[in-house]
Structure formats: structure tokens, C-alpha cells
Amino acid sequence: MNLAANSAFGAPARPGAAKPPIRVMHMAQLPQFDLAEIKRRMQSAHATLKHELGGLRTGRASASLLEPVQVEAYGQRMPLTQVASISVPEPRALSVSVWDKSMVQMVDKAIRDANLGLSPTVEGAVLRIRIPELNEQRRKEMVKIAHKYSEDARVAVRHVRRDGIDVLKKLLKEHAISEDDQKRQEADVQKATDQAIQEIDASLAAKEKEIMQV
């Protein structure tokens with residue numbers, strides 16, 4: 001029997017001949033379940049909501065009203081708080097002290113362009129802002145916007161929950177975890193979801209109360 005025949009019947013191939021690929025499933029190829037990362041993403045959704053709610057103007061002055069303001073300064077966009085200090089001298093007034101006097105006009109423009117309905121009065125390096133009182137219709141509009149922001153945050157949290165559950169299903173399918181582990185970790189994900197939604201609802205309730213307070 002010649003060498004070719006030997007090879008055909010499973011004998012060692014000639015030195016240097018190509019070897020057939022070996023398929024090996026590595027654990028590194030499986031998705032990783034990280035409850036801490038899931039919680040972090042959920043908290044990020046809540047943090048975004050708090051930032052958005054802070055930008056909703058109510059009838060009372062609050063430094064958080066100016067959080068959405070971005071100023072063109074030194075060749076880049078940066079938060080107002082990085083170029084000025086904000087104080088609340090009266091219940092319906094804000095004071096913005098610009099650290100670099102050459103930036104006053106840019107700060108004034110940034111506040112006016114932020115669609116917050118605020119019109120500063122410039123006094124040297126200080127901008128005075130009167131907070132107009134909201135009528136009932138405007139307050140109801142603000143509440144609707146707050147509810148929309150909150151629902152967006154809830155949807156974001158549910159998306160994170162779905163991602164976590166999908167990972168667990170994949171790990172179970174590949175026999176990387178047991179059914180008991182899957183159920184336990186799914187319960188942890190649901191618990192984190194419930195807590196995040198509860199915090200979102202609490203932030204909405206507080207903002208709604210603030211908006212409707214006369």
C-alpha cells in the first residue's frame with residue numbers, strides 16, 4: 001500500500017501537510033454576566049433623568065436650572081459651572097459670576113440660547129437673572145415634559161434589564177450556568193430594575209411637586 005493509500009486510511013500525513021482546523025469553544029467567547037455593570041447602566045439612566053429634570057424651569061430659582069447651559073470657551077464647549085459660579089440671592093433670582101470677564105458675553109449668549117426662557121441682565125462680570133412666575137398652563141406643560149423624561153428613563157432601564165436576561169439565557173443555553181443560577185441571577189436583575197424604577201418615580205414625584213408649587 002502506497003503513502004497516499006495510507007493517508008486515506010488515517011495514517012499520519014506527510015510532514016508539513018496542512019492540518020484540519022480544530023473547533024474549540026472557549027469560555028472567553030461567551031458573554032459575561034456582570035450585575036454591577038447592569039446596576040451602573042441603570043443608575044446612569046437615572047442620572048440622565050435628574051439632569052434633564054434639573055433643566056425644567058419652575059417658579060423658583062435654583063442653580064440646577066442652568067445645568068444644561070454649555071458655553072463656547074477657549075475653543076471648546078464646557079458646562080457653565082466651569083467658567084462661572086452660580087448663586088441664589090433671592091427665591092426668584094439667580095446670580096452668575098463669570099471668572100474671566102472676557103467670557104461674559106459668551107456666557108450671556110449661552111444662557112439665552114439654551115431655550116430655558118431666561119434673559120440675563122449684565123452688570124460687569126455678573127449676570128442677574130429674574131425667574132418669571134409660571135402660570136397654571138405652563139406648569140402643566142412642564143409636568144408633561146417631566147413625565148416624558150421619566151418614561152424615557154424607565155425604557156432605558158428596561159433595555160438594560162433585557163440585555164442582562166439575554167446574557168443569562170445565552171449562558172444557560174451553552175451550559176455555562178445551571179438553571180438555578182439563571183433563576184437566581186434573573187431575580188437579582190429584576191430587583192435592580194425595581195429599585196431603579198422606584199428611584200425614577202421618586203425623582204418625578206419630587207419634580208412634579210416642585211413645578212406645581214405656587
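Here is a walk through this structure, from the whole chain down to a few single residues.

The model is a predicted one: local features need pLDDT of at least 70, side-chain atom pairs count only at pLDDT 80 or more, and totals for chains, interfaces and linings use all residues. Residues are numbered from 1 along each chain as its sequence is written, and side-chain values use heavy atoms, with hydrogens and water left out.

Let's start with the overall layout. The chain has five helices and six strands. Helices here are DSSP runs of H or I with at least four residues, strands are runs of E with at least two, and both are numbered from the N terminus. Read from the N terminus, the order is α-α-β-β-β-β-α-β-β-α-α. Out of 214 residues, 33% count as buried; buried means under 20% relative accessible area, exposed means over 50%, and partly exposed lies in between, with a 1.4 Å probe and protein chains only. Take the contacts (heavy atoms within 4.5 Å) between residues at least 6 apart in sequence: 64% of them join residues at least 24 apart.

Now to helix 2, which covers residues 35-54. Its 20 residues reach 29 Å from first C-alpha to last, close to the 28 Å expected at 1.5 Å a residue. The expected span is 1.5 Å times one less than the number of residues. At the N-terminal end sits a cap: a side-chain oxygen of Asp-34 lies 3.1 Å from the backbone nitrogen of Ala-36. The buried residues of helix 2 are Ile-38, Met-42, Ala-45, His-46, Leu-49, Leu-53 and Gly-54. If you're wondering about the spacing in that kind of list, an α-helix has 3.6 residues a turn, so residues three or four places apart point the same way.

What do the buried residues of helix 2 pack against? Their partners are helix 4 (136-173) and helix 5 (179-212). Two packed helices are described by the angle between their axes and the distance between the axes. Axes are lines fitted to C-alpha atoms, for helices over the stretch in contact, and the angles run from 0 to 180 degrees between N-to-C directions.

Take helix 4 as the opening pair. Helix 2 packs on helix 4 at an angle of about 170°, with the axes 9 Å apart. That makes the two roughly antiparallel, a label for angles over 145 degrees, whereas under 35 counts as roughly parallel, 65 to 115 as roughly perpendicular and the rest as oblique. On the helix 2 side, the residues that meet helix 4 include Ile-38, Arg-41 and Met-42, and among those on the helix 4 side are Tyr-149, Val-157 and Arg-161. By class, this contact has 11 nonpolar, two polar and four charged residues. Ala, Val, Leu, Ile, Met, Phe, Trp, Tyr, Cys and Pro count as nonpolar, Asp, Glu, Lys and Arg as charged, and the others, Gly among them, as polar.

With helix 5, the axis of helix 2 comes within 10 Å and crosses at roughly 10°. That makes helix 2 roughly parallel to helix 5. The contact divides into 10 nonpolar, five polar and five charged residues.

Helix 5 itself has 34 residues, which should span 50 Å at 1.5 Å a residue; its end C-alpha atoms are 49 Å apart, in agreement. Its buried residues include Gln-182, Val-189, Ile-197 and Lys-207, and what covers the buried set includes helix 2 and helix 4. Met-212, also in helix 5, is partly exposed at 36% relative accessible area. Leaving aside residues up to four places away in sequence, Met-212 touches Arg-139 and Val-143.

Back in helix 2, His-51 is partly exposed at 38%. His-51 and Pro-68 are 17 residues apart in sequence and 7.7 Å apart in space, C-alpha to C-alpha. The side chains of His-51 and Glu-67 are joined by a polar contact of 3.5 Å. A polar contact is a pair of N or O atoms within 3.5 Å; within protein, one must be able to donate a hydrogen and the other to accept it, and residues adjacent in sequence count only if both atoms are side-chain atoms.

Most residues other than glycine have a negative phi. Tyr-74, in the loop between strand 1 (70-73) and strand 2 (76-79), has a positive phi of about 55° and is exposed at 56%. His-175, in the loop between helix 4 and helix 5, has a positive phi of about 60° and is exposed at 72%.
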